[in-house]
Amino acid sequence: MIEMPRLLSAAALTVLLLACSPSSDDSTVDPRSLDWPEIVKAARGETVYFVMWTGDPAINRYMREFVVPHLHKRHGITLEIVPGQADIPSMLMTEIEAGQTVSSMDMVWINGQVFYQLRQIDALYGPFTSKLPNDLFVDWDNPMIAIDFQQRVNGYESPWGNVQLLLITDTERVAHLPRTPRALAEWIHAHPGRFTIDSEFTGLSFLKSLMYAFADSPQELQGSFDRNVYNKLKNRVFEWVRGVRADLWREGRTFPKDVSQLHQLFANGEVDFTMSFNDGEVDNKVAVGLFPKTARAYALKTGTLQNTHYLGIVARSAHKPAAMVVANFLISPEAQLEKLKPEVWGDGTVLAMERLPAPWRSRFRNVPGRSRAPERDALQLFARPEPAPQYMIRLDEDFRNEIVRQ
Amino acid sequence: MLTAGAVILALAFAGLYSVGVLGLLSESWTTAHWRYVLFESGVWSALGFSLALTLVTLGLATVAALATVLIVDMRVRRGPFAVLVYAPLAVPGIVAALLSYQILGDAGLLSRMAHAVGWIRSPAEFPALVFDRLGVGIILTHFAMITPFFVILFDRLFENERVAELRQLAYTLGATRMQALSRVVLPLLLVRALPVCAVYGVVLMGAFEVPLLIGARYPTMISVEIYSRFASYDLTARPQAYAMATLYLLLVLAAWSVALRWRPRPAQTPR
């Protein structure tokens with residue numbers, strides 16, 4: 001019989017050995033040393049595991065019916081979609097800690113603060129974007145594309161779509177759109193129980209947009225994290241939330257878990273507002289019949305966040321050439337145009353129109369306009385860049401402690 | 001031995017991670033994460049909430065199962081009625097949670113029925129049964145999931161312990177219906193069922209899918225609290241998740257060892 005202390009020591013030692021085992025990437029040739037035709041050749045017959053948020057049926061359909069067949073037909077690549085998103089850093093961190101030399105994932109959809117987190121644990125492969133032929137068309141001059149949460153992208157992620165946070169309401173139920181935090185607070189008081197925010201990414205992004213509204217100047221939120229600025233603006237935002245809380249859905253005693261649940265409440269007629277971090281989503285949700293035809297999306301005059309979502313290749317991926325081919329296809333004019341169509345996804349393009357060949361330029365300009373959200377040019381006036389990721393990390397913690405738990 | 005080894009290994013890993021000895025982003029040995037968990041986090045309210053929900057669910061399931069076994073005739077209990085009663089046993093937690101949402105939610109079946117008969121004017125007037133701070137939805141879902149098992153348990157005990165004969169004997173000796181129930185039937189069934197109830201209690205305490213899907217954002221059950229720390233935006237908060245998991249595991253093991261030592265008082269033999 002093994003004595004307990006000895007068993008414990010053995011267990012601890014095993015754990016330590018596991019944790020300290022080498023974690024270097026042992027995959028063969030670095031595709032950056034290859035020419036593009038060689039990369040395409042190496043990619044043929046490979047399977048790419050792509051971890052992405054699968055919470056929207058329209059996006060899933062775009063991937064399943066457009067992207068997957070094209071990649072298979074043209075490049076012989078099998079694209080496997082794996083559900084996940086906010087937990088990607090956590091999953092990769094676990095793999096690295098377990099000493100796994102080859103990751104179970106090859107590509108990841110990077111949104112929000114995930115880029116910062118993945119760079120923090122050195123989990124991304126790169127720089128690789130300049131190797132992609134279609135990178136020439138990307139609008140890298142746009143700071144909202146070249147900078148992700150105040151951090152330069154530097155070739156470690158390829159932009160996929162550019163979006164802005166908008167409030168969505170039903171004009172049948174809300175005749176005069178409240179366009180400032182003050183007007184919104186007045187509307188909430190006049191219509192108890194008909195407004196709420198979710199307690200995850202989109203809701204927190206709305207609160208960050210309010211930070212801009214309550215800032216002395218938008219410049220305050222630029223650059224690296226400033227604790228004093230954060231505390232000042234967080235207090236102002238929470239003061240607004242506390243002011244309206246009693247008149248929120250369920251008297252503000254609980255909040256929807258995520259934006260899908262908020263959409264559901266809006267679709268069921270339980271609340272009069274939802275929101276989306278995709279300015280084209282309202283048309284899509286109306287097209288699929290989830291939102292009423294009278295739904296409209298709009299930005300607060302005080303500004304709402306605009307950001308870009310990206311594609312990253314995992315440092316320990318065993319299929320980097322194939323992942324690069326997938327990333328290149330996803331920023332091709334063809335794939336970006338399809339994605340832009342409101343009935344498909346309605347996701348803003350990351351391509352610069354002036355860099356596209358003339359026929360493509362006209363195709364992009366002739367995409368049937370969205371009818372329930374302002375045009376992107378009009379929204380640009382109200383677009384605010386994402387502040388440093390620590391604002392999100394701290395706000396998440398403080399919102400939970402100071403609002404949700406009170 | 002294999003199971004015990006796995007538990008010890010997990011405990012050692014979680015313990016070392018929680019004090020910064022392991023972990024990709026840990027810098028050095030620290031007690032900061034434990035201090036946060038013990039004094040600042042919501043771990044105690046999560047543990048209290050989990051315990052309260054577990055006790056209420058177990059209590060309701062026990063009462064309902066006992067009532068079924070004592071009131072419904074055995075031939076009915078084991079006939080076609082059984083299929084209906086035992087069906088929830090085949091429903092996984094995640095499906096049960098979604099069904100509860102469809103039935104108990106603001107725009108769910110009950111709300112619509114209440115609206116149809118004119119009891120409420122809008123869905124908002126329907127009482128909050130899911131995502132509620134009292135955990136009513138979680139309790140009802142777990143109650144529906146475990147009660148059939150308790151019916152089976154008491155049904156078998158009723159037969160194996162020859163409760164019907166002993167109850168009859170009590171009547172013969174002059175006991176009233178209430179006396180036979182409180183001094184013969186219930187003690188016999190409850191004492192025998194206690195170990196199984198304790199095991200179910202541990203399972204319910206650690207339930208994850210149901211509280212995750214239909215629980216409020218606060219208070220949360222312990223497993224959801226641990227997970228939210230684990231998947232936090234702040235990757236440096238991960239040791240806090242391991243500290244919570246270690247604390248929870250130690251508390252359950254301590255309670256378990258106390259429960260194992262406890263033996264029901266032997267019945268006094270008549271002199």
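1. The centres of domain 1 and domain 2 of chain A, taken over C-alpha atoms, lie 28 Å apart. This is a predicted model, in which local features need pLDDT of at least 70, side-chain atom pairs count only at pLDDT 80 or more, and totals for chains, interfaces and linings use all residues. Residues are numbered from 1 along each chain as its sequence is written, chains are lettered from A and ligands numbered from 1 in the order in which they are written, and side-chain values use heavy atoms, with hydrogens and water left out.

2. Where do these domains run? Domain 1 of chain A takes in 10-163 + 307-375, and domain 2 takes in 164-305 + 381-404; such bounds come from an automatic or database domain assignment. To the contact (heavy atoms within 4.5 Å), domain 1 of chain A gives 25 residues and domain 2 of chain A gives 36 residues.

3. Between them, domain 1 and domain 2 of chain A bury about 2,300 Å², with 54% of it on carbon and sulfur atoms. Buried area here is the accessible area (1.4 Å probe) that two parts lose on being put together, summed over both. Phe149(A), Gln150(A) and Arg372(A) account for 33% of the area that domain 1 of chain A buries against domain 2 of chain A, more than any other three residues.

4. Next, have a look at a sheet in chain A. Its 3 strands form an open sheet in the order 8-7-9, with antiparallel pairing. Strand 8 (273-276) and strand 9 (295-298) of chain A are the edge strands, each pairing on one side only. From one strand to the next the twist averages 30°, using axes that are lines fitted to C-alpha atoms, for helices over the stretch in contact, and angles that run from 0 to 180 degrees between N-to-C directions.

5. Strand 7 (residues 166-170) of chain A is joined to strand 8 of chain A by 4 bridges, and the two run antiparallel; strands pair if DSSP finds at least two bridges between them. Ile168(A) has Thr274(A), in strand 8 of chain A, as its bridge partner.

6. Helix 8 of chain A is largely enclosed by the rest of the structure, because 12 of its 14 residues are buried. Buried means under 20% relative accessible area, exposed over 50%, and partly exposed in between (1.4 Å probe, protein chains only). Among the buried residues are Phe201(A), Leu204(A), Lys208(A) and Tyr212(A).

7. Chain B has 13 helices and 0 strands; helices (H or I, at least four residues) and strands (E, at least two) are DSSP runs, numbered from the N terminus. Of its 271 residues, 39% count as buried.
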